[in-house]
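User: I'd like to go through the aromatic contacts in this one; can you walk me through them?

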Amino acid sequence: MTDLKQARILVTNDDGIHAPGLKVLEAAARKLSEDVWVVAPEVEQSATSHSLTTRRPLRVRRFGERRLAVDGTPTDCVLVAVNKLLKDRRPDLVLSGVNHGANLAEDVGYSGTVAAAMEAAFLDLRAVAFSQVGVPGQPVDFAPAEAWIPRLVERLYGFDWQRDQLINVNFPPRPAAEVTEVRVTHTGRRDASVGLVDGEDPGGRPYVWIGDWAADTTSDRESDLAAVDEGAIAVTPLHLDLTHHSALASLKARLG
């Protein structure tokens with residue numbers, strides 16, 4: 001394994017090339033390595049999940065040395081970076097984020113931030129997604145992410161990574177000095193459902209607008225949701241294999 005100081009790190013996100021959270025992650029990466037590349041969406045791509053752009057060409061714009069934007073999704077960014085922009089040497093590590101808000105529980109299925117890390121895992125690369133949970137109605141404070149990312153990456157980089165695995169990290173919304181611990185968790189489920197807002201456009205036509213989750217409450221105290229609620233950093237290992245392995249035998253018996 002390449003030493004982290006000599007590692008090539010690819011930084012990406014789903015909030016776009018100009019997002020404050022991306023600058024936080026880029027700065028953290030540059031503290032760890034001398035070979036950091038940023039390839040991020042040109043505009044915000046939140047909640048695009050693992051989507052690919054296949055019906056039009058993609059364009060790449062340069063915003064500085066080793067800093068480029070793709071007019072596509074986070075998944076597009078990782079694919080273009082690994083297979084074209086960095087084809088002379090693949091990244092040793094892909095860092096995605098820091099997302100402006102949580103990627104906990106059900107968020108994982110919708111998140112472009114997590115999807116970028118998933119694409120890296122599909123390409124057999126180590127990948128970590130970072131998100132900073134915020135307080136509703138207030139600007140996201142990235143101080144916990146800024147303080148903790150370098151030491152977390154140093155510890156995770158030496159982890160025994162398995163194929164098709166990625167790590168999802170969420171920082172709690174409190175001062176960095178008040179973070180209680182780093183807690184390894186599983187992906188939770190919220191007790192409340194996502195909110196829908198009914199409205200009417202200027203032409204009098206009704207619409208439905210999908211909003212945020214009504215609440216982040218959960219009865220599962222071992223989950224990522226509970227960890228963040230209790231002031232801990234939630235570190236959740238994810239896997240690309242969605243097969244429900246415990247159902248294989250009974251399903252084979254029923255269909256056989």
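Predicted model: local features only at pLDDT ≥ 70, side-chain atom pairs only at ≥ 80, totals over all residues.

User: How many aromatic pairs does a search of the whole structure find?

Analyst: The search finds 3 aromatic pairs, where rings of Phe, Tyr and Trp (its six-membered ring) pair if their centres lie within 6.5 Å, and planes under 30 degrees apart count as stacked, over 60 as edge-to-face and the rest as tilted. One of them is F130 with F171, which is stacked because the planes are at 15 degrees, with ring centres 6.0 Å apart.

User: Where in the chain are F130 and F171?

Analyst: F130 is in strand β6 (residues 126-132) and F171 in strand β7 (residues 165-171), so the pair links distant parts of the chain, 41 residues apart; strands are DSSP runs (E, at least two residues), numbered from the N terminus.

User: Is F130 buried or exposed?

Analyst: F130 counts as buried because its relative accessibility is 0%, and F171 is likewise buried at 0%; buried means under 20% relative accessible area, exposed over 50%, and partly exposed in between (1.4 Å probe, protein chains only).

User: What about F159 and W161?

Analyst: Their planes are at 70 degrees and their ring centres 6.1 Å apart, so F159 and W161 form an edge-to-face pair. F159 is partly exposed at 41%, whereas W161 counts as buried at 15%.

User: Switching topic, which ring does the charged end of R151 sit over?

Analyst: That is the ring of W148, with the charged end 4.1 Å from its centre; the criterion is NZ of Lys or CZ of Arg within 6 Å of the ring centre and within 35 degrees of the ring normal. R126 lies over the face of Y157, at 4.6 Å from the ring centre.

Key: Residues numbered from 1 in each chain as written. Heavy atoms only, no water. Helix = DSSP H or I, 4+ residues; strand = E, 2+ residues; numbered from the N terminus.
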